[in-house]
Each structure stands twice: as C-alpha cells, then as structure tokens.
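The sequence and structure are shown first, and the description follows.

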Amino acid sequence: MSFSAPGSPPPQQQPVQAQGHPYPQPGPAPYPVPPPMPQGVLRSPKGLATALTWLLGASAAVHLFSAGAGGYEQAWMQGFSGDTHFDDLELGLSPALTILAGLLQVLTLLPTVVVFIVWFHRVRTNGGIFRPDAFTLGPGWAIGAWFVPVANLFLPYRIARQTWRASTQRGPDGSDRTAPAALLTSWWVVWVLAAIVGRVFSRIYMGADTVDELLEAGRLGIVADLATTIAGVLAVLFVRRLTAMQNTMATEGPYAKA
C-alpha cells in the first residue's frame, strides 16, 4: 500500500516541481530551500501499526498478568522455611500461574518482535525519502541494529530519533522544526531498564537453589514485568504517533500549514 502525496506549497508561493521530488518546493528566497527528496516509493505503515498496536497491547497485558502471578508466588513461598530447596516445593496454583505466564510471554514475543522490526524498517525507509540528510546510518540498520550486542541498547534509539526528525514537517516558511521527542525517549529508557532488570532476574532465577534466592529473583521479575508493561504502553503511543506523522507528511507535504 502506497501513500498518496499531493503536497501543498507555502503561502503566496508558486509550486516548483523538482525532479524526483514528490512534493512542491518553496519558491526561491526569502528562506532556504531543502534539497530535493530522492526518488522512491512511500509505503504506508498504517496497517503494520494497527497490527503492532494489538500485539504490543497483548504483550503488555501478558506481562501485567505475569507480575500478578509473581506477586502471588511471593506470598505462596513465604510459607516455606528459608532453607527449603526449590526441588522440595510442593506443586500448586502458584507454579501453574508462573508457567502459564511464561508460556504466554513466549507466544506473544516472536510475532511482536517480527512485526515491530518490519514496521521500524518501513518508517525508516519512508524517512529516507522524506529527508535523506537526517540519517547517519543506512536503512538496513533499522533491522541489523537490534541484533548487535551492546549496540542494540542505543543504535535503534538513534535511528528512531532520526526517523522522528525526518518525519516532522518543516515550518510554513521552509524553516526546520524539531518535534518534541519526550514520548520516544521515555519509551526507550523504560524499555532498556526493563531489559536489563529482566536479564538480571533470569540469571538469579536460573541459579537459585533456596526459597530466599527465589524470593529475591521473584521481586526482580515483578519489577521487570511491570516495567515491560509500561514500555509496551509507551511503545503503542510511539508507534501510533510516528505513523500519524508520516501520514501527514505524505498527504499534506513537507511544509506545515500556516
């Protein structure tokens, strides 16, 4: 599915069509003219954003359920002595809820990750058509950056910030404008914290032998689940906002109305 991009020239200026540029350009003086956009086909991210909204919402709900199951597990294990080993715990509702939460997380993780990366690559590609000078990395990094250890803690954020800027309309006079990116930054900070706490939880949980160690790991697990839930909600807002920004760019042109 492609965007339609009729464009809209700034007030009191005659449109000038530049080769390879899907939008009309402002006239010569009195303000700077941005370089023409390269040829390329804009592809709407709206369908992917809709699917992603549902997947992220489901994932957030699953992690919220997992946090609740973790809290129930904390109360359940308080009844065992501190030196009780994990293998000696009786099976009951709490372990069943924990297993169910883990299974649901696995089932929602893969489709959410796949659709998110496809959406992320699409908005990055559109951003390169809107404003190629906004980027320092090629569009392939919108996929590859997520799989590079350590670098995946900051490279995707850099790409997202640059895509956010490229998807922001210029002023009516052609001047550069910066859209507030607090939503993007909040999502990324919470997501990174959730990922770090989740990894620490996994290491402690896998090495736990006693109830006390399980309780310690469980508390971290609850924090990680709650943080992931919040990150999921923020991710939905970020996805919908950036998708709307690109839709505005494609349908109204790169210049905001006066």
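## A nonpolar surface patch

Which residues make a nonpolar surface patch of about 360 Å²? In this predicted model, the patch is made by F65, L100, L103 and L107. Helix α2, which covers residues 93–130, gives the most to this patch, with three residues.

Is L107 buried or exposed? Its relative accessible area is 55%, and L107 therefore counts as exposed, since the cut-off for that class is over 50%.

## Overall architecture

The protein contains six helices and zero strands. Read from the N terminus, its elements follow the order α-α-α-α-α-α.

Of the 258 residues in the protein, 43% are buried. The protein exposes about 13,300 Å², and carbon and sulfur atoms supply 66% of that area. When contacts between residues at least 6 apart in sequence are considered, 72% of them join residues at least 24 apart.

## The largest pocket

Rolling a probe the size of a water molecule over the atoms shows where empty space is left. The largest pocket holds about 1,500 Å³ of space. Its lining consists of 44 residues, and those nearest the centre of the pocket are H63, Q105, L109, W191 and T228.

Four helices each supply at least two residues of this lining: α1 (46–77), α2, α5 (182–206) and α6 (211–252). Helix α2 gives the most to the lining, with 12 residues; helix α2 also gives the most to the nonpolar patch.

Methods. Residues are numbered from 1 along each chain as its sequence is written. This is a predicted model: local features need pLDDT of at least 70, side-chain atom pairs count only at pLDDT 80 or more; totals for chains, interfaces and linings use all residues. Side-chain values use heavy atoms; hydrogens and water are left out. Patches are made of residues with over 30% relative accessible area and no salt bridge: like charges are joined within 9 Å, nonpolar side chains (Val, Leu, Ile, Met, Phe, Trp, Tyr) within 5 Å. Accessible areas come from the Shrake-Rupley method with a 1.4 Å probe; for residues, only the protein chains shown count as cover. A salt bridge is a side-chain nitrogen of Lys or Arg within 4 Å of a carboxyl oxygen of Asp or Glu. Buried means under 20% relative accessible area, exposed over 50%, partly exposed in between (1.4 Å probe, protein chains only). Contact means heavy atoms within 4.5 Å. On a 1 Å grid over the protein atoms alone, a cavity is a set of points where a 1.4 Å probe fits but cannot get out, and a pocket is an open set with protein on both sides within 12 Å along at least five of seven lines; lining residues have an atom within 4 Å of a point. Grid points are joined across faces, edges and corners, and a volume is the space filled by probe spheres set on the points.
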